[in-house]
Amino acid sequence: MAEGCLFCKIASGELESSIVYEDDLCVAFHDINPQAPTHVLVIPRKHIPGMGELEESDRDLLGHLMLIASEIAWMEGIDEAGFRTVINWGHDGGMEVPHLHLHVLGGRTMSWPPG
Ligand code: AMP
Ligand code: ZN
């Protein structure tokens, strides 16, 4: 757990969130400021700051996060219509919370290119 990290606090339960799924490796919860009818964040329990700080040893964990994102889409009922997964990183990527997280967005038609 990284000192002062918002998502580490959510993962440990120190900070309340609307959890939709959790297991030994990850936690998924509703985004507090949803950008679509369904907007869930999937985070590893391990504090990984972001895409720029991945390690070879994170390979299995990253695969797990993708599989859980897909399962959450099914749980939220957006798997058939389609959905979008997003990982922001760094200034230009628009990252705000420096703890790796995967956005699962759905329930409306997305546009491209992203803003
Ligand atoms: P990013 O810009 O990729 O770092 O996304 C951070 C996301 O975390 C944003 O969509 C925020 O709305 C969301 N967020 C920030 N604080 C909380 C919180 N306490 N509970 C749930 N989502 C949060
Ligand atoms: Zn953290």
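## Backbone contacts of ligand 1

A backbone N or O atom of Val 97 lies 2.9 Å from an oxygen atom of ligand 1, a polar contact in the sense of a pair of N or O atoms within 3.5 Å. Taken alone, ligand 1 exposes 510 Å², of which the protein buries 86%; accessible areas come from the Shrake-Rupley method with a 1.4 Å probe.

This is a predicted model, in which local features need pLDDT of at least 70 and side-chain atom pairs count only at pLDDT 80 or more, while totals for chains, interfaces and linings use all residues. Residues are numbered from 1 along each chain as its sequence is written, ligands are numbered from 1 in the order in which they are written, and side-chain values use heavy atoms, with hydrogens and water left out.

## The shell and the pocket

The space taken by ligand 1 is the largest pocket. A pocket is an open set of points on a 1 Å grid over the protein atoms alone, where a 1.4 Å probe fits, with protein on both sides within 12 Å along at least five of seven lines; a molecule sits in one if more than half of its atoms lie within 2 Å of its grid points.

Helix H1 (6-12) and strand S2 (26-30) are the elements that give two or more residues to the shell around ligand 1, and H1 gives the most, with three residues. Helices (at least four residues) and strands (at least two) are DSSP runs. In total, 16 residues surround the ligand, the closest being Asp 31, Asn 88, Glu 96, His 101 and His 103; a residue is near if one of its heavy atoms lies within 4 Å. By class, the shell has eight nonpolar, six polar and two charged residues, with Gly counted as polar.

## Salt bridges

The count comes to three salt bridges, each a side-chain nitrogen of Lys or Arg within 4 Å of a carboxyl oxygen of Asp or Glu. One of them joins Glu 22 and Arg 45, with the closest N and O atoms 3.0 Å apart.

Technical notes
A polar contact is a pair of N or O atoms within 3.5 Å; within protein, one must be able to donate a hydrogen and the other to accept it, and residues adjacent in sequence count only if both atoms are side-chain atoms. On a 1 Å grid over the protein atoms alone, a cavity is a set of points where a 1.4 Å probe fits but cannot get out, and a pocket is an open set with protein on both sides within 12 Å along at least five of seven lines; lining residues have an atom within 4 Å of a point.
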